[in-house]
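Here's a quick tour for anyone meeting this structure for the first time. Have the 3D view open and follow along.

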Amino acid sequence: MERPLTQHIISDTSVRNLENYRKVGGYSCLQKVLKSMTPGEVTNVVKVSNLLGRGGAGFPTGAKWSLVPMDTVKSNLPKYLVCNADEMEPGTFKDRYLLEGNPHQLIEGMIIAAYAIQAEKSYIFLRWAYKKAEKVLRTAIEEAYSAGYLGNNILGSDFNLDMHVHSSAGRYICGEETALLNSLEGKRALPRAKPPYPALNGLFGRPTVVNNVETLSWISHIVEKGAEWFKGLSLTGTGGTKLFGVSGKVRKPGTWELPLGITFRELLEEHAGGMIDGHKFRGALPGGASTDFIVEEHLDVQMDFKTVAAVGSRLGTGTMIVLDDKTCPVSFIHNVEKFFALESCGWCTPCREGLPWVEKMLSSIEEGTGKIEYLDLLSFSAKYMSPGNTFCAHAPGAAEPLQSGLKYFHDDFVKHITDKKCPWR
Amino acid sequence: MSLEVRMVKITIDGKSYEVKAEKNLLETCLSLGIDIPHFCYHPALGSVGACRLCAVKKFRDKDDTKGRIVMSCMEPVTEGLIVSVEDPEARSFRASVIESLMTNHPHDCPVCDEGGECHLQDMTIMSGHTYRRFDFPKRTYVNQDLGPFINHEMNRCIQCYRCVRFYRDYAGGRDLNVFSSRNHVYFGRHKDGTLQNEFSGNLVEVCPTGVFTDKTLKKHFTRKWDLSNAPSVCVHCSVGCNTIASERYGSLRRIMSRYNGAVNGYFICDRGRFGYEFVNDEKRIKTVMLRADKGAELEPINDEKLYSNLNQSFSKKKNITGIGSPRATLESNYALMTLAGKENFYHGISKKEYLLTKTISDYFLTSGIHTPSLKEIEKADTIFILGEDLTNTAPMVALAVRQAARNIPNEEAKKNHIPLWNDIAVRELGQNEVSPIFIATTYNDSLDEIAEKAFRSSVHEIANLGYSIARNVDEKAPDAKSELKDLPELAVRISAALLKAKNPLIISGVSNGDEGIVDAALNIASVLRSKRSNVMLSMILPECNSMGLSLMPGTSFEDLGNKESDTLIILENDLYRRSGNDFVNDLFKKSSQIIVLDHLNNRTTEKSDILLPAATFAESEGTIINNEGRAQRFYKAVENKNQVKESWKWLVDFIQIRESDHSYSWNRLDDIVESLANELPVFSKLTKYMPDADFRMLNTKIPRQTMRYSGRTAINANIAVSETGLPADPDSPLKFSMEGQQENPPSSLVPFYWTPGWNSVQAMYNYLNEPDGSMKGGDPGIRLFEPVPAADNKYFKPEIRSAEVKKDELQIFPLYRIFGSEELSSMSPSVSQMIQEPSLLINEKDAVNLMVNDGDLVMLEILNDKIKVKLKIGYGVQPGMAALSMNLPGMQYFELPGSGKFHKL
């Protein structure tokens, strides 16, 4: 089984330095691109490969790039490429693995992506807590500059690119690409209304592409080996492998690069080693905290964007949080909703006012003071915060574990209220 | 500007409409009279989609029955759009938004200053939310002391973000911001302190709840429904913003902005809003005072005794001299002129100010140059400001220039197909673009931050820059020799920008007291006019009726020279603010009897032999002409008490005494206006201006009071048990009553905004053709200057003036302050707290040479006058120059520019 993204991450240090990365073929793709490919050709390969964004939304990367205007009008310059490395989705730690383990793979991917959209400046917007990744990236970028992969006239071509690491101030909402752009500009991290999309009106009002770490890490591989190779990697038609992860009461929590389309069961039982003895699987948030619960009956579903969506959830980041029978589901959901309430940016009403209300009701139920009408109110709140009603996807994301939790763990909620206490305490 | 408006057909709740394409759905519905509740959208601020209250259902096509919820403020109006406002799901979502806002909004309406004119109350009712389901504690905040104007009560905040968007994005303020996040966002300052922006008072109207309320109203609080209101016009600068003046129990309670689509739009400055308090001053002149003989004290007298005295003063044998005022109405000035005779009527302004304003008004009458309204200033794409510190001399013009600075960025947005109402996207895209705005002033200007280039020098060099620009455009225009090396290059740059512009605008004025600056500004306008037709020229004048006075016959009172008078009548004017002490003292010595009409005591009233209590703007009807040449009328909000009378009424009385053999037929204001229009052709349009006192709606006058006005029969019960009758009020089409038609009076006669369901200022939508557009029936005011065919270019030649200054002396220029430099507002307690002590700005190098520090107190000598001032170092003042606070309360008059020196105290 091929593991293109992680094959060279053996120990902490192996490919981090430029020499080792070059030894395994690093930057050869960049050379080829700059010598023999037009920006349009690069975009086209990525488009044909059907690489779907690995940040969670699964938007086709090539399509995103194609929206960037390629005429050189003053109001279109400079263009920007931004790497979203603000990995703050609860339970998700896949980008960190790539950032710390193979920074040059990301940098090379970014240079090729920047070339494809003809961006002159690029930023890596990094989660504030990723201190080690920051150090690794800064060193790698310095190496890339010294080796002529960054800066002016890269590898003798007329392509110029600067790259900066921006260590963020630490807000979940910065993972939303437009809030990220505002934050990068030094403004409050509020999402922007779309349209206009960042591809036209992005960083500092200029055309900008924002891609996830894992997405950008794919670029050199896809351009090097072709779209067909990429498509063949997955068990479904989507294409590629994906970094999956599991946390919770499992024997071997961790992250693995596996083909898109493996089943939940395979991930859980083979790779994560199954549940710890004495714990039973009750459900899981399959792709981070902002996805709907899956339960026992879904374990044989294939992990891909479409297949997971078909059972009412989302693949998201592909890193699942497992709920076991020794953990109170109300407390679990309360914890998740508290996180979302605290991370609301405060811009739109349903999110700013709705989430704290949800959090208070859940807390009250968990404490044994909840009322039975809260269950209707919680369902109402989940609908109130649905997509379109809110300014961005934050509150709808928060509504996902809530609405599915109310469905799958209804009896547990009722028991809390009728017994006036948490059965797990 | 393209006049072509694209129309599209849309369907709202099954009805089709043909509407303008470039609007969003919310403003379209509001224009059509379809109520959609909303908070964060404001017509002047655009849409941001934050509050989610304006949700409606949008359908893909006719067959789509499910539809989806969209925010109408963010929905472009496109051909074939099908929406439903009444859709049950959309309605219920809107109610949910209110419900969730109410989880934290306190239930303190009965003690909240906003109650009764609260947008949140209106929207709550409109949305249909009633029962509370939230049973947890509410969030609370700490409030801040924001200074003398604004009260802060953060618990009431519903986080619509309008305040910061107005304060920061629209008005350029820095010290109000949004802090923290989630459901704990906080709108305030980083710490307690007075709000620094000159437009902070608009927060009161922009805020949809009671977070920001009027602190001066709080001192004598009255609910909106209990106020008696009159359409008024601001008297605190030459711009003439429209206001609403509100009364209860005989005192003026507050000033609010009154919409005028051509002038101030939704906003007014803080001097205009809070300067009103002088009207209620305890020290107002309330009774007639008489000095029995020179040397005696002024004593109050009754009317009978007054008129027996006046019979002598105004006998035909006596020669009378009248001194008019730029802060008195046209009618009062004209009545004085009629009383004294044209040849004996003088303008109560310095010779220099007379010369400058006369030059300007003559130029406007003959040149065919267009004087822009504030709205037109906002449309200018290149602006050159010559010598005027707009933020302090005409604040609302500065605010309009700030909006004009967005025109080039807005063009970028249009090119990118981003609708201009999409506020954040437009600002995001345009953040690196600025419009060409050039500012030449003697000291740093707060508009510098939006200027492409700011130029600092002496008034002499500022004028030189102006002359050079004119010369660059037309070589027939005279040039001036500058001593500055970089000036020619800058002149080339500015003239090129002006020539390139579609809507170039020159702004200048008389505040520097410099002919060169005024002449140069007019020259630039003339040369541009000769090359193109659409140049605009805005000249800032000192006072609310400076323009009106300058259009009347007569010259400066400084031209009185040795003329002696039996009776000297001074109309609403403190001459010690207009000329040096010696001159004014001498003038008074040459007059046997001095009659002064004014509101408050000042150095001139002290010298009067007969002092007459004159009604303020709030207590009278009257017409004033703003710097644009727009005649506007204010109406009485407060009934006159004691012996207070409108100046023109006093003067009409005097005329009747003097002309007792004629039967004078001036019985009311309209009669004077008619005579004025007949006698002085420049004012001939005045009679066409607006409904006269005979105007009736539904057979009755327009009520000043809302239909919910309380205590009508009991309000005077402490004086008399029987209900007092309505005051006669013959001069206006308004009445002091709640009876009559409450909705949609003529645009110039709007006493308050109200329509069913809309009790807050947002009721304004129903008075406008479209949000931020013109008023139904046209915007108030009539312009006296209309473009005439271009005259031959006559250019003003620069006088050979030496900028030489005596050794060891500094050139001194005037430093105007929004708070303090205007006479009447300075007497308001709230404004007086904002007045800084007299100061002198000097250059850093001079400070080093003269061995003085910032904050030092020094004695400044200009000619024979001395004044104690505080030094301030820096502020862009050039070496060898200084700027001196102008006309602050208690300061004597200095003729500036001048030169002087100081020594440390």
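What follows goes through the domains, the contact between the chains, a sheet and a helix.

Keep in mind that this is a predicted model. Chain A comes with domain 1 (18-232), domain 2 (241-324) and domain 3 (329-419) in its domain assignment, while chain B is split into domain 1 (7-94), domain 2 (109-280), domain 3 (354-541) and domain 4 (810-904).

**Where the chains meet**

- Chain B puts 36 residues into the contact, and chain A puts in 29 residues.
- On chain B's side, the elements giving two or more residues are strand E4 (68-71), helix H2 (88-102), helix H14 (407-415) and helix H15 (423-429).
- H2(B) gives the most to that side of chain B, with five residues.
- Sorted by class, the residues of chain B's side come out as 16 nonpolar, 13 polar and seven charged.

**Domains inside chain A**

- The centres of domain 1 and domain 2 of chain A, taken over C-alpha atoms, sit 28 Å apart.
- Here 12 residues of domain 1 of chain A are in contact with 17 residues of domain 2 of chain A.
- The domain 1 side of this contact in chain A has four nonpolar, four polar and four charged residues.

**Domains inside chain B**

- For domain 2 and domain 4 of chain B, the separation of the centres over C-alpha atoms is 33 Å.
- Their contact takes in 15 residues from domain 2 of chain B and 12 residues from domain 4 of chain B.
- Helix H6 (215-218) and helix H7 (270-274) of chain B are the elements that give two or more residues to the domain 2 side.
- That domain 2 side of chain B has eight nonpolar, three polar and four charged residues.

**An open sheet in chain B**

- Follow the order E14-E13-E25-E24-E23-E15-E16-E22 in chain B and you'll trace an open sheet of eight strands with mixed pairing.
- Strand E14 (298-301) and strand E22 (555-556) of chain B are the edges, each pairing on one side only.
- Strand E16 (residues 345-347) of chain B runs parallel to E22(B), with two bridges joining them.
- Tyr346(B) has Thr555(B) in E22(B) as its bridge partner.
- Helix H9 (residues 330-340) of chain B packs on this sheet and touches strand E15 (320-324), E16 and strand E23 (565-571) of chain B, with its direction at about 165 degrees to that of E15(B).

**A covered helix in chain B**

- Helix H16 (residues 459-473) of chain B has 15 residues and spans 22 Å from first C-alpha to last, close to the expected 21 Å.
- H16(B) is mostly covered, with 15 of its 15 residues buried.

How values were computed:
Residues are numbered from 1 along each chain as its sequence is written. Chains are lettered from A and ligands numbered from 1 in the order in which they are written. This is a predicted model: local features need pLDDT of at least 70, side-chain atom pairs count only at pLDDT 80 or more; totals for chains, interfaces and linings use all residues. Helices (H or I, at least four residues) and strands (E, at least two) are DSSP runs, numbered from the N terminus. The expected span of a helix is 1.5 Å times one less than its number of residues. A residue is buried if 20 or more other C-beta atoms lie within 10 Å of its own, exposed if 12 or fewer, and partly exposed in between; C-beta atoms are placed from the backbone. Two residues are in contact if their C-beta atoms, placed from the backbone, lie within 7 Å. Ala, Val, Leu, Ile, Met, Phe, Trp, Tyr, Cys and Pro count as nonpolar, Asp, Glu, Lys and Arg as charged, and the others, Gly among them, as polar. Domain bounds come from an automatic or database domain assignment. Two strands pair if DSSP finds at least two bridges between them. Axes are lines fitted to C-alpha atoms, for helices over the stretch in contact, and angles run from 0 to 180 degrees between N-to-C directions.
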